[in-house]
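These are my notebook entries on one protein chain. I set down what I looked up, topic by topic.

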Amino acid sequence: MSARAIGRFDFARNPQIRFGWGRRSELGEVCGEFGATSGLLVIGSRTLVRLGEEKRLCFALRDSGVVVGRPSVVVSGEPTVELIDELTNEIRPDTPDVIVAVGGGAAMDTAKALAATLADPDWSGVREFLEGVGSGKPIDFPTIPVVVLPTTGGTGAEVTKNAVITSYAPPFKKSMRSPQLVPRCAIVDPELSAHASRETTVAAGMDALTQNVESLLSNRSTAISAALAADGASWAWQGLSMFADGTDDRIVRESLALAALQSGLALANSGLGLAHGVAAALGSHCRVPHGLACAVMLPTALEVNRSMLASGWSQLAAAWGLNNDGDPSQPVIDNVRRLSAKLNVPTRLRDLGVERSQLVAIARDSRGNSMTANPVQLSDDRLLAVLTEVF
Ligand SMILES: [Zn+2]
């Protein structure tokens with residue numbers, strides 16, 4: 001084996017992480033640790049309210065001396081510019097000491113955005129903070145501490161420094177980004193995802209899988225991010241394969257939660273790739289849910305990048321126990337296609353309600369931060385041809 005060189009790299013700040021079944025009971029203790037006395041709950045779905053989770057978390061906070069003064073913010077759908085501005089104006093007179101998010105990426109991103117907008121001494125709207133569409137206003141002031149409890153085992157937003165905010169008119173999906181947005185603590189309790197629907201589980205699980213795969217193959221991948229992503233890809237594989245075979249137990253939920261967590265730690269340091277670049281545009285132009293968009297784009301993203309001689313391909317094949325002799329990209333791609341088929345993931349953009357006439361605009365708006373990490377650099381024409389092929 002030839003010697004491998006190691007260049008320079010950074011590894012970003014992380015939250016404190018508490019992983020394990022049932023550990024949401026530690027919420028009060030966590031918030032007490034940083035002296036919070038007033039809190040705001042951001043909830044990702046009505047189901048969590050119905051199941052009594054919201055009440056349990058409120059009691060846990062109260063027992064530790066944290067008063068939850070106003071009704072929880074219930075987030076349905078991805079956070080928009082309008083939603084964040086409205087919530088900020090409404091909550092600012094009573095700004096809490098801690099924001100607790102329980103839910104998927106939408107709830108966590110809402111909490112992370114509010115952590116900045118509620119503390120902004122010079123508040124003039126969330127758009128100012130958004131990459132590419134705002135004025136580049138920095139988040140250089142102390143933000144409100146955020147504690148997150150992810151429930152869907154998908155996005156990895158529990159550990160990242162960005163919040164994705166959507167606009168439908170004009171259509172864009174952009175991040176606000178700052179080390180100040182990294183949550184203070186992530187309580188990753190896989191039991192919270194036990195009631196997720198089949199649809200949510202598949203979309204979130206495929207998102208975690210895609211994030212680990214794209215992070216591993218990324219042109220900004222580093223030794224630590226690659227190790228996390230390769231291991232994360234094996235957990236995603238275990239969880240999704242068992243789920244596809246009809247099992248939904250504690251091991252499945254723990255595997256998917258760990259896969260998502262590791263994908264977040266990895267992608268925060270490596271960036272992503274083509275599937276995520278296109279998924280952002282599919283979200284803002286056609287309202288395709290993020291995980292589903294990633295799932296549909298993943299096989300195509302792999303095909304586009306297979307010419308790259310990245311060691312990531314062999315790491316992926318090894319993580320999935322595939323035959324690693326010769327070109328490892330083919331068995332990896334075949335395996336992803338087989339898994340997607342078993343999970344009934346659509347294979348074409350037209351199955352997601354995309355119109356052919358929208359492809360040019362989707363190609364144009366796929367050029368975000370994710371696309372710059374894609375191993376193969378695509379011209380506008382090539383990207384449009386790729387989208388036309390998967391249409
Ligand atoms: Zn994602």
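This is a predicted model: local features need pLDDT of at least 70, side-chain atom pairs count only at pLDDT 80 or more; totals for chains, interfaces and linings use all residues.

Where does Pro 170 lie? I found Pro 170 in the loop between E7 and E8.

**Entry: domains**

I next looked up how the chain is divided. Domain 1 covers 16-192 and domain 2 covers 198-390. The contact between them draws 20 residues from domain 1 and 28 residues from domain 2. I noted 26 Å between the centres of domain 1 and domain 2, taken over C-alpha atoms.

**Entry: the interface**

I then turned to the area that the domains bury. Between domain 1 and domain 2 about 1,900 Å² is buried, and carbon and sulfur atoms give 67% of that area. In domain 1, the residues that lose the most area to domain 2 are Trp 21, Tyr 168 and Lys 173. Together these residues make up 26% of what that side buries.

I also looked for polar links. How many salt bridges does the rule find across the interface of domain 1 and domain 2? The count is zero. For polar contact, the rule finds one residue pair across this interface, with both residues at pLDDT 80 or more.

Which elements give two or more residues to the side of domain 1 that touches domain 2? I listed strand E1 (16-19), strand E7 (162-168) and strand E8 (171-177). E8 gives the most to this side, with four residues. By residue class, the side of domain 1 that touches domain 2 has nine nonpolar, seven polar and four charged residues. I noted again that the loop between E7 and E8 is the one that holds Pro 170.

**Entry: Ser 197**

I looked up Ser 197 and placed it in the loop between strand E9 (185-188) and helix H6 (198-217). Ser 197 counts as partly exposed because its relative accessibility is 35%.

**Entry: Arg 24**

Is Arg 24 buried or exposed? Its relative accessibility is 15%, so Arg 24 counts as buried, the cut-off for buried being under 20%. Arg 24 lies in the loop between E1 and helix H1 (27-33). I left aside its neighbours within four places in sequence and listed the residues in contact with Arg 24. They are Glu 53, Leu 57, Leu 149, Ile 187, Asp 189, Glu 191 and Leu 192.

**Entry: positive phi**

Finally, I looked up backbone angles. Arg 287, a residue other than glycine, has a positive phi, near 55 degrees. I placed Arg 287 in the loop between helix H9 (274-286) and helix H10 (290-304). With a relative accessibility of 56%, Arg 287 counts as exposed, since the cut-off for exposed is over 50%.

Asn 344, also a residue other than glycine, has a positive phi, near 60 degrees. I found Asn 344 in the loop between helix H12 (329-342) and helix H13 (359-364). Asn 344 counts as exposed because its relative accessibility is 61%.

Definitions and conventions:
Residues are numbered from 1 along each chain as its sequence is written. Side-chain values use heavy atoms; hydrogens and water are left out. Domain bounds come from an automatic or database domain assignment. Contact means heavy atoms within 4.5 Å. Buried area is the accessible area (1.4 Å probe) that two parts lose on being put together, summed over both. A salt bridge is a side-chain nitrogen of Lys or Arg within 4 Å of a carboxyl oxygen of Asp or Glu. A polar contact is a pair of N or O atoms within 3.5 Å; within protein, one must be able to donate a hydrogen and the other to accept it, and residues adjacent in sequence count only if both atoms are side-chain atoms. Ala, Val, Leu, Ile, Met, Phe, Trp, Tyr, Cys and Pro count as nonpolar, Asp, Glu, Lys and Arg as charged, and the others, Gly among them, as polar. Buried means under 20% relative accessible area, exposed over 50%, partly exposed in between (1.4 Å probe, protein chains only).
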